[in-house]
Amino acid sequence: MLDLTTNQLVAVPRAALGALLAALLRDAGPSAAAYLQEAGYAGGEALFASFRAWLAARGVDEAPEELELGAFERHAAEFFRDAGWGALAVGTLGGTVATLDGDDWAESDPQAGLEHPGCHLTAGLFSDFFGRIADSPLAVLEVECRSMGDPRCRFLLGSAEVMGHVYEELGRGVGYQEAVGAANE
């Protein structure tokens, strides 16, 4: 189990997180996304340090940055599940974008009925957390969300340039898979 106290983490019930997110979206409107992403990004360093300690407690001698890709993906998925965020599947799309899929992601609320993806705190956390592995800044974009009625939350991770292109294409009505494909051309 993950020791919250020694890892600078706190446990927050999903209902409390959901209520906070709903209140921010209701009262702050579109600005809520930026506030939540900023808060998530600020927590990324502590979360990554917790991941490092979690690996060491399991006898993994390598630093997270030194793990073979498959081992890193397995350990990261198990860590996020143990930390209470939910199951996470790591993959790729188009060779330049990583995907993170969660069909029970803690920040999402299938009853929310949102028009746009709503896991903004997670996007900020992932940006910092996975950026530490990449050793460069990463942009994160949620393209499917259980809070919108999708069966999973899907986050895309990539360079700012690639993700900026994907975001622009989404704004034009292009599907994210097509947008990622076009970014690779």
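1. Helix axes are lines fitted to C-alpha atoms over the stretch in contact, and the angles between N-to-C directions run from 0 to 180 degrees. In this predicted model, local features need pLDDT of at least 70 and side-chain atom pairs count only at pLDDT 80 or more, while totals for chains, interfaces and linings use all residues. Residues are numbered from 1 along each chain as its sequence is written, and side-chain values use heavy atoms, with hydrogens and water left out.

2. The axes of α2 and helix α3 (residues 69-82) come within 11 Å and cross at roughly 110 degrees. The two helices, α2 and α3, are therefore roughly perpendicular to each other, a label that covers 65 to 115 degrees.

3. In the contact between these helices (heavy atoms within 4.5 Å), Leu47, Ser50, Phe51, Trp54 and Leu55 of α2 meet a set of α3 residues including Phe72, His75, Phe79 and Asp82. By class, this contact of α2 with α3 has eight nonpolar, two polar and two charged residues.

4. The largest pocket has a volume of about 720 Å³, where a pocket is an open set of points on a 1 Å grid with protein on both sides within 12 Å along at least five of seven lines, the points being places where a 1.4 Å probe fits, and lining residues have an atom within 4 Å of a point. Of its 24 lining residues, the closest to the centre are His116, Pro117, His120, Leu141 and Glu142.

5. The second largest pocket has a volume of about 620 Å³, and α2 gives the most to its lining, with five residues.

How values were computed. Grid points are joined across faces, edges and corners, and a volume is the space filled by probe spheres set on the points. Helices (H or I, at least four residues) and strands (E, at least two) are DSSP runs, numbered from the N terminus. Angles under 35 degrees count as roughly parallel, over 145 as roughly antiparallel, 65 to 115 as roughly perpendicular and the rest as oblique. Ala, Val, Leu, Ile, Met, Phe, Trp, Tyr, Cys and Pro count as nonpolar, Asp, Glu, Lys and Arg as charged, and the others, Gly among them, as polar.
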